[in-house]
Amino acid sequence: MDINQRLSALREVMQREHLSAFIFPSTDAHQSEYVADHWKSREWISGFNGSAGTAVVTMTSAALWTDSRYFLAAEEQLRGTEYKLMKLKIEGTPTIAEWLGQELKEVRSPEVGIDGMVCSTSEVEQLVSDLRHQGGITLRTNFDPLQQVWRDRPALPLNKIEVHPLEYAGEGCTQKIARIRRALREKHADGMLVSALDDIAWTLNLRGTDVHCTPVFIAYLLISTTKVTLFTDKRKLSREVEAYLKENNVETDDYTNIKNGLKSYFEENILLDPDETSYVLMKAVTRKVIRESSPIPAMKIVKNDAEVAGYRRAMIRDGVAMVRFLKWLEESLLSPSSLEAPLSELSIDRKLTALRAEQPLYRDLSFDTIAGYEAHGAIVHYEATPETDAEIEPKGLLLLDSGAQYQDGTTDITRTIALGPVTDEQRHVYTLVLKGHIALARAVFPNRTKGTQLDVLARQFMWREGLNYLHGTGHGVGSYLSVHEGPQQIRMEWKPQPLVANMTITNEPGIYLAGRFGVRIENTMIVVPADTSKFFSVDDEAERGSYLQLEPLTLCPIDTTPIVPGMLTDDERKWLNDYHALVYERLAPLLSSEERAWLREKTSEL
């Protein structure tokens, strides 16, 4: 079925169920950003495949809400369908409830549906309130119409779970559970349900391949004062994993038994994070519920020594792959006759992936590579397809955002590369972005500063010229886990999570001129204590340790050819030269003599 046929089939079910509309969020039963194919309901019903968005279908209309990363991609993918694109955070865009209020104003006693198993408790409760204010629209949460419509829906994956070695995890499963229990006692909670897949993987030091590019497995984890139970399909457990779980006093039960597990939970109370726990599971609990944030993310985002060491090793290997790729790309553009086929967005993606796969401990990509040539670079989360694949020419800009999953660390890097002559406008925009990147990279700030307080550093130069970007400036990066990890972020919107030492955070300002080109420069950084020896007002060690700074983990040259040198200050030039000296120092020992010579040129002082 095409999208319009799917809508027709959906509406037949809605009519039988007396539903005036149905809402399809992007999430799964675990509130994941990236989901297994089984839960790609919003993509199936709309055709839009971005990682964030919500589709809403009434009997006569359809709309899709997404953020600025996907405006251009969504417009292309929704073309030829009934869907109207709703641009989040753009003035004049109605909320889902407001839009439904208008669309259903002539309907008598309208009822809207949403699958309460894939929607968090807080989202459902907010939606119930919002719809009530739109003329008394009611919400039904116990029905998934795609069970009747999506005939070839993929089953839940049965991939094997594996043990994540202690040498990379840095802390044992038993020790992590003990820490979690201490945190629960501080919240006066006897136990908790863990729904987030990366939190479960981190807690148990297990990994999987159930979700594309993210090494997690489908499961729930129920922790009480005396018992820990992993709810997952037992066909996923090897003998090694079964023995490992038994050794760590973790019991197992079937994934589909989670509701019964909650109903039979024996403690006096249970902590459920309303932002993480699905509405259906919240309603299944019979004990007193403590509605608090899960304590696990705050533990997971502060990396231990083994994890930090793993990042550093992974970034070196990733840097080697990037250098080999950039050298190959440059030589291929100079000698196109040596290639079997012309360079294109897809072919350079395949080449970079192959070079990463040669590195020790490589497991997968950390997300689908974004290789956007010229106008495609302005599509923030562009993914080339055979239909859109653009041929690469020796001119203009290539925006390349990519990363990998290594067993000892996750990488995320963006470079914008001049493939030949570029325009004065491209050089100017490139340098504005670089100045913003350097300003944030050079920041020194008090311990527990919020990311929102630093965001303006990356935007200040472009703001002065009436330019901006609507995505965040930085996100956490997991330790062989999700490439987008939180709650720490650097962005314009208020985020209360403070920054502390040993957190990872990306630094990725950008400028995107629709239909022309885009520029983004990204390094993954780690928060470290600042050198405060030069602080004239600091007299004691306690004060000296209370300031932080960002140290780059990513090791790859930043293209200097599009820079307008006169736009950089001496301090900015020094930062770039120092960074390039570090890149050469760390990567050169692993490169051939030809590769070292190439890297020496690319990291020469500006």
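So, where do H8 and H9 touch? On the H8 side we have Cys173, Lys176, Ile177, Arg179 and Ile180, and they meet Trp202, Thr203 and Leu204 in H9; contact here means heavy atoms within 4.5 Å. By class, that contact has 5 nonpolar, 1 polar and 2 charged residues. Helices, by the way, are DSSP runs of H or I with at least four residues, strands are E runs of at least two, and both are numbered from the N terminus.

Quick caveat: this is a predicted model, where local features need pLDDT of at least 70 and side-chain atom pairs count only at pLDDT 80 or more, while totals for chains, interfaces and linings use all residues. Residues are numbered from 1 along each chain as its sequence is written, and side-chain values use heavy atoms, with hydrogens and water left out.

Okay, next, helix H5, residues 121–132. Which of its residues are buried (under 20% relative accessible area, 1.4 Å probe, protein chains only)? They're Thr121, Val124, Leu127 and Leu131. Looking down the axis of H5, these fall within an arc of 130°, so they line one face of the helix; the arc is taken from the directions from the helix axis to the C-beta atoms. Covering them are, among others, strand S1 (21–24), helix H4 (96–103) and helix H12 (279–284).

Last stop, Gln407. You'll find Gln407 in the loop between strand S18 (404–406) and strand S19 (409–410). Gln407 is buried too, with a relative accessible area of 15%. And what does Gln407 touch? Leaving out residues up to four places away in sequence, Gln407 touches His164, Pro165, Tyr168, Leu361, Arg363 and Tyr480.

Key:
Ala, Val, Leu, Ile, Met, Phe, Trp, Tyr, Cys and Pro count as nonpolar, Asp, Glu, Lys and Arg as charged, and the others, Gly among them, as polar. Buried means under 20% relative accessible area, exposed over 50%, partly exposed in between (1.4 Å probe, protein chains only).
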